[in-house]
Each structure stands twice: as structure tokens, then as C-alpha cells.
Amino acid sequence: MTDMPDTTLTSDHSHDEPSAGAYDDASGYYTLGEPIADTKAPAGDIADRWQTRKFEARLVNPANRRKLSIIIVGTGLAGGAAAATLGEAGYNVKSFCYQDSPRRAHSIAAQGGINAAKNYKEDGDSTHRLFYDTVKGGDYRSRESNVYRLAEVSTNIIDQCVAQGVPFAREYGGLLDNRSFGGVQVSRTFYARGQTGQQLLIGAYQAMERQVKLGTVTEYTRHEMLEVIVADGQARGIIARDMVTGAIETHLADVVVLASGGYGNVFYLSTNAMGSNVTAAWRAHRKGAYMANPCYTQIHPTCIPVSGDHQSKLTLMSESLRNDGRIWVPKKAEDCAKDPRDIPEEDRDYYLERIYPSFGNLVPRDIASRQAKNMCDEGRGVGPMVGDFRRGVYLDFKDAIARLGKDAIEEKYDNLLDMYERITGENPYEVPMRIYPAVHYVMGGLWVDYDLQSSIKGLFVTGEANFSDHGANRLGASALMQGLADGYFVLPHTIRDYLSDGPFEEIGEDHPAVTEARADVEARIEKFLSINGSRSVDSFHRELGHIMWEYCGMERTAEGLRKAIDMIRELKREFWSDLKVLGTADSLNQSLEKAGRVADFIELGELMCIDALNRRESCGGHFRGESQTEDGEALRHDDEFAYVAAWEWGGDAASNDMGTPILHKEDLVYTAIEMKQRSYK
Amino acid sequence: MNLTLKIWRQTDAVDKGKIHTYEVAGISQDMSFLEMLDVLNEQLNELGEEPIAFDSDCREGICGMCSLMINGEPHGPEVTTTCQLHMRSFNDGDTITIEPWRSGAFPVVKDLVVDRSAFDRIIQSGGYISANTGSAPEANSVPVPRDNAVRAFNVATCIGCGACVAACPNGSASLFLGAKITHLGELPQGQPERWSRVVDMTAQHDYEGFGGCTNIGECAAACPKEIPLDVISQLNRDLRTAMKHGH
Ligand SMILES: Cc1cc2nc3c(=O)[nH]c(=O)nc-3n(C[C@H](O)[C@H](O)[C@H](O)COP(=O)(O)OP(=O)(O)OC[C@H]3O[C@@H](n4cnc5c(N)ncnc54)[C@H](O)[C@@H]3O)c2cc1C
Ligand code: SF4
Ligand code: FES
């Protein structure tokens, strides 16, 4: 912590006076709305809630299902699994993705694995333990009913995937293998070498394609959703752009599901795909869907460090590597430029093993990331200089290779280590890998109730796009679990309760809600193409990313966040006056696509900073410099912040004025688990 | 490094298209091939010329979105995807020709972007195991011998990029098709539909206008995921068996 002055609990508060024992850092940036609550989770023993809800959810007669239409935006694990399952049930499903095939959704890139409380290893795992680990890992900022349900259905997911032909790793006896993954002490992570996401997604994709053939699902690829249609208080469709012809299309339905993934690309550099965006969620937010905990970002500890300004994205090295690799930096700053192989054992600092003896290299991601940053800030980072510091730490396989043999390591991690060599030009079997944290996942997302319904009636949100299960930090291998839980096992039950009131009265394409939404989309496109300024979309995106990483990244302070908000507002003004997008609206135009995404990222960035500013506590991936223990660990303030911050759009729907966002608090109540300060020591 | 790029430009599916020549300077060895194209696109935008359309998404070699014929080779000179190809594979002063996949079944959409939806339709015709959600038995109730599981996995790593088609003088998608047939055929869960699957998928493959396989082997040489040629033997064997069974 050497170069971190001013970050004790009481310092740095020049802007406002604390009021009545509590700080209100974001005073002036927001207004306070009514508290909200989830009204759908049944009361009673946590272990019975999901069964009760499933039973109480009304049924839809199979003969009526064909008459009920469902739009699903997204074909990742959350959207693909839902499309397949709802198609199988007989509903009329329309599925959208911006890629040229549903199989390319970014879930494909997940490497490490998927959790399930199968307890195949008899090592003490259970639904309750998976629940407990997930709530604890999320630093007690998630909703307990949702998390319990997630743990409960986790085992069904593995059964389903195996039945579809997902080629999980197996033991010699032919039974499923699994391993342990960051932040837990049991072995419950199922995997398919380093390509688990790919294999799970292909399973969901194939199930969905089967429904396409059977006529229950219609797929719209290279289509980007640009607006949600809310008619008489109900989500009734979307406006989408055919990215090949540029045609603006209206799609109407009885219900809309957003499974559009995460918004980590607000940081420009992240491990997300180039096209990952917040547009679907943000357009819904502007129409009344609350955005919950937008500042909760996961910075993943094991990514390949940035190599230069040209960089377009960052590449994750699965944290399963932390099972066998040991993380270290030189003890002495003067060793940092040396060949690591020449640094003797006694001069290496295996800092995670030192600071956290019981979890060692397997501490949760937020802790591993922050400690890597601390080591580099202390001047003990390795690799090339980025600015004033070397930004990298070693992940070393030497001991694992000596213990298990090179073949075993190769079999487990081959594709990852190959990828590393391809990108860096260094052989990780010989030279320790260099890693550094990078933005990877967002726990924040649209607010949903237990039924996964947002604050707009008839708009459901699943997968990474919602906020519901991971609190302030997500444990490894649990996003895949959540995506598939939502898609295969949760949404199909909760959505039927909603649909049992349908089919809803038909609305025509001339309904004012439709014509307005269309007109907004067309006007925006027209605007992008006519600003005719001097700067490319990418240049704005990169600048936004720098602001976010600097001030809303691994460590946040009130002062920095206020500065960031000013900078973002200025950037936004410049964007709308100096953007340059060439080409036309009526053809494939990738700059135009990006312009829409970046415009939404800019607004989201501001809200993230406001959320981070409001939350004057450290929890999970959100680390406020003003709130830490003496030895630099995150310090929560349960008395003030044990709530979900659900933000309502406070601006004018049609203009670019964000107005003042309205904060609704949902209190987090734990009945099945006791809140504790996390300790991984 | 400084490079001369000869790039195919075509405004839409009906345009005839032609090669344009561009110069880029100051390219670093550590850039990926697509980052090099990003640099060019920034330059073009500056100059008022519409940027070149090309596909990419994950940029980690797993989604299968990127493509490109680079100096006549699908995904360029290394065994990897275009997005994972790095500029250290080229030399200062090189001239690089960049074209879209060339195959009747993959029509060009614009510049370097092609339409690969034929692959989705091949999967729709049978590339799955029918197992409705909720109907699955306990996962460990059906053990899968490890060798089968490993082979199934190895071929299931196909990313659906289409390089095999682009490489094949006949424009055949047999490697892609064989990979799926082998993946599902290796697993006990895939047996009930094994014979109808191979017949239906092959029919769809032919219907889409992909050519027949004459054992040239260019596909496997171009495949970024090293799907082995023996999946095509497996495909042919399964097809013969299916025919014998009267499918
Ligand atoms: C590199 C990497 C590795 C990971 N490894 C793991 C792991 O090992 N274990 C784990 O549990 N999790 C992992 N994660 C996290 C996990 O993969 C994701 O959180 C999860 O897959 C998200 O799934 P999803 O279905 O919500 O969204 P995605 O898979 O991102 O799908 C989003 C879908 O929405 C569509 N879409 C988005 N916007 C629009 C729009 N405006 N219009 C139309 N369509 C749109 C896209 O086309 C796509 O189909 C990893 C993530 C990354 C980036
Ligand atoms: S077989 Fe290889 S080349 Fe063909 S689509 Fe699959 S990954 Fe691409
Ligand atoms: S962009 Fe995903 S494989 Fe190349």
C-alpha cells in the first residue's frame, strides 16, 4: 500500500459533510426514490421456495402455447437454452443475435468450467454449501432466494448437458471428472478441457437449431435490437436492425426476454467479445427497467497483460490455471527486469500463499486482482513498462510440471498455454507466464425479481444481463451455471405464469408505442450519420475505457469518481458533436453499429460512476479506497449498504439528457445465512 | 513494419467487387492480424473512405466469426484463426492479399464478410441429440469410456468457421460435417439417431451446394482446430452403414 496515501477510513472527504453518521457521497448526482422489494419469492424455508413458486406458477394449456409468442434477444447460454426449452414446450419463439450464427454468442469463450453441487467426490459438497459459497463469494450483496435456487438446479444442468452430448472431461472409469475452482474448497467444477463454454453453448445451440427445424423457433441472425416496445405499460416487442440490409424491423410478441450478456466493454479493453454491448439492456433501462448495482464489475486476475496501444481486446487465461500454477513476484524490485528463471526460490514472493495461507492461490478473483495491482504499485511488477510501472505478475508451472509431469499439464491446459504462446511469443512450459487483471464480467445488470422479470411488465432478463445471483463478486464457474439455470430451468417456469394471462390484446404496427420506438431508432441512426465530425467511434470508445479503468476500475475513490463523471459528460458532448461515421444506413455498416453501442456505453459509464460514488463501502469487486481495513482488505458497511441499488432512468426518454437518476433501494435480508466479513486467510 | 495490402472490396452481394491496394505503416509485431486491419480502418475513416467490413467477435480463436483468405490461405500461414494470427508471422515490406472465403455456398455479403448460414441449416437437419429439457437421466448413470469421450471432445472443438470449405477445391464441407457426425456418434447418447442423422445432414450439405469430397486433404491442413481427416472416413462409414440399414 506504499503509494496509497489518503485511503484510511476517515480521510478524503472534502466535498460533503457526512450527514447523520452516514456519508452521502453521491449527493447532488441522484434523487432517492421509493424502496423496492422482490414480491415473487415465496416466504418460508429457503429450501422450499423454488418448489413452491414452481407449483404456484400458473400453467399454460399446451394447445394455447403456439398462440403465445416470445422474443428472446441473445443466443448465449441464457438465451439459447431458453429458446430451445420454450420451443420444446410449444411456444412461438423468435430468437435474435448480432453474430452471423447463434453459436457464436460470447458464452462460447468461457474456458474453465461450470459448477454443480453433485458431490461426486464425497468431499462435503451440497446444495447448501454451493449456496453458502456463492453468497459469501458475492460478499453478501446478492439475494439469497435467487442464489439458493441457482444451487438447487445446478445438478439438473449437468444431467441435461450430458444428455445433449456435451463431452465433459471423464475419469478412466467413464464417469464425470471435476475440479476445484477459485474461491472454494470442494471439487465441483465440471469442465471440457479449457473450452467448457464452447461445449455447453454448442449443446444449447444444437437443441435450439432442432427447434428451428421443427418450426417453433425462428432465428434472426445479424440482427441488432435497438429499442424495446413498451405499450400500455407492457413490453410487447422490439425494434431491430437487419445488419445486412439496414432494414429497421418491428417484431411484436406477448413477452420479451433479454439475454444479451454483459457490458464489460464499457472499459473498452476487456475479455468480452468485440460486439458485446449494453444496448439491449440500456434501451430497456431508458424505457423504465431499473439498472441494479451497475458498478459491480469483476476484474479477472489471470489475463494476458496489455502489450501496446493497438490492443483491441484482452485475453483471459482461465483461472483453473491457478490450481496448478503458483503466482509470484520478485521480493526485490531490482530483480523485476531479470529473466525469472534466474531468480532463486528465496528471492520470490509467493504473495497469495503468504497473505492467505488457507486459500493461497485460490482466493476469490477480486482479492487476487487487487493484490496483483498492489504488487505492481509497489514496484514489484514484471514484464514491459506500461506507463510508470511494470504491469504483470508471474504464474509459474514449474512445480506442477515437476510434480505431475509435462504431459498432465498439457492435457489439462494445452489450448490455453498454446494461446498464450501465440499471443505473447513466449513458451509457458519454459518461462513463467505473465498475467495481469482485466475486466471480465459484470455482476450488475437489469434489476429482476425472483421470476426474472424486470421493472417493466413482460420484460424478463436472464444470464449476465441481469443482476441477480452474484452479488458484488462472482465465483469462478458460476456464470455458466447461472446462464443455463436461467435458460433451461428457471425462466420456462416463471414466464408461463406471466403468459397464462395471454395472449394479450394484439397491438398493430401503427400503435403509438411502435411508431415512436421506430421513429427514435431511425432518428438516432440518421443523427450518427449526419454529425460529420472528425473523430472515429473507436477513439471515443478508447477514451471512455481509459476513464473507466482509471477511476472506476480496481480501486475507486469519491474524488476520482467525481472527476470521471465530469470527464464522461464532456466526452458525451464531444461524441454528439464530433463523431464521424461514414457509409450508409441501408447496408452493412460496422462503424454505425459501433456508434450506437458506444453512445449507450457513455451513458452507462456515468451511471456506473454514480453508483460507485454512492456506495461508500468496499464489497467484492467494488473497492472504495475510503473503506478498507488496516491491512488493506475490503471493508463492508452492512448497516448502511446491505441493499441492492436499483437505478431508474431519470432523463427524458427521447433525448440524450440523462437527467438525474433515481435510486430505489432493495434491502437484502438473509434468513438462511449469517452475514460475516469475508476471510480467506 | 510497413506493408502493402491488397484487399477485396465489394459493396454488397450483387456488386462485382475488386482488389484495392492500401499501404500501412508502423505495424508492430505484437499486433494481431485484425488489429492491423483496425489500424487501416482508422486511417480510412480519417481519409473519408468507408472502412473495410470484416467479421470478428471473440478475437480469441473460439467463436469462429473471423475468416479471411490471406495470401490464398484460409486464416493465413499458421494453424490458427485469423484473429489469433500475429504480425510476427510477416515481414517488413510484405505484400499481403486479403480476400473473403470463396465458395458458392458462402455468398459474399460485403467486402470480406460472407454468409455462412448454410452451416446452421446443416445442424438443423440433424446435428443434435433429441433430449428435451427436463428429460435427462442422472449424468453418471451412463458412463462414457474415456477414449470415446476424448475423441468426441477433440472433434467437437470445431468452431464452424468454414475454413475447410474455403480451402477445398470442391467447396466441400465434409470436414465440418464429419466432425459433428463423429462428435455425436462417439457418445452413447448419440446412438439412437446416429443413422438418420448422417443421412439427413449429408442431404442438407449437398442441397446447400457444398461439393463432394475427393480426398484432397486441404481442409484438414487449413483447419485452425486441427480437426483430423479421419472424421471424413467416419462420415463415409456411417453413411454406408445407414444406407445398409435402409435409411
Ligand atoms: C473469456 C471468458 C471466459 C469465461 N469463463 C467462464 C467460466 O469458465 N465459467 C463461467 O461460469 N463463466 C465464465 N465466463 C462468464 C460467462 O461466459 C458469461 O457470463 C456467460 O456466458 C454469459 O452468457 P449470456 O448468455 O448471458 O450472454 P452471452 O453469451 O454474452 O450472449 C449474449 C447474446 O446476446 C446477443 N446480443 C447482445 N446484444 C444484442 C443486441 N443489441 N441485439 C441482438 N442481440 C444481442 C448476442 O448476439 C449473444 O447472442 C467467461 C467469460 C469470458 C468473457
Ligand atoms: S472443421 Fe475446422 S475449418 Fe471446418 S468449420 Fe470446423 S473448425 Fe473451421
Ligand atoms: S474472432 Fe472469434 S474465432 Fe476469430
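**Ligands, helices and backbone**

Reader: How far is an oxygen atom of ligand 1 from an N or O atom in the side chain of Ser107(A)?

Author: This is a predicted model, in which local features need pLDDT of at least 70, side-chain atom pairs count only at pLDDT 80 or more, and totals for chains, interfaces and linings use all residues; side-chain values use heavy atoms, with hydrogens and water left out. Residues are numbered from 1 along each chain as its sequence is written, chains are lettered from A and ligands numbered from 1 in the order in which they are written. A polar contact is a pair of N or O atoms within 3.5 Å; within protein, one must be able to donate a hydrogen and the other to accept it, and residues adjacent in sequence count only if both atoms are side-chain atoms. For the oxygen atom of ligand 1 and the side chain of Ser107(A), the distance is 2.5 Å.

Reader: At what angle do helices α3 and α13 of chain A pack?

Author: Helices (H or I, at least four residues) and strands (E, at least two) are DSSP runs, numbered from the N terminus. Axes are lines fitted to C-alpha atoms, for helices over the stretch in contact, and angles run from 0 to 180 degrees between N-to-C directions. The axes of α3 (residues 77–89) and α13 (residues 479–499) of chain A are 8 Å apart, and the angle is about 35°.

Reader: Where in chain A is Pro503(A) found?

Author: Gly502(A) and Pro503(A) are joined by a cis peptide bond, with omega about -5°. The place of Pro503(A) is the loop between α13 and α14 (512–530).

Reader: Which loop of chain A holds Asp139(A)?

Author: Asp139(A) is not a glycine, yet its phi is positive, near 55°. Asp139(A) sits in the loop between α4 (127–137) and α5 (144–164).
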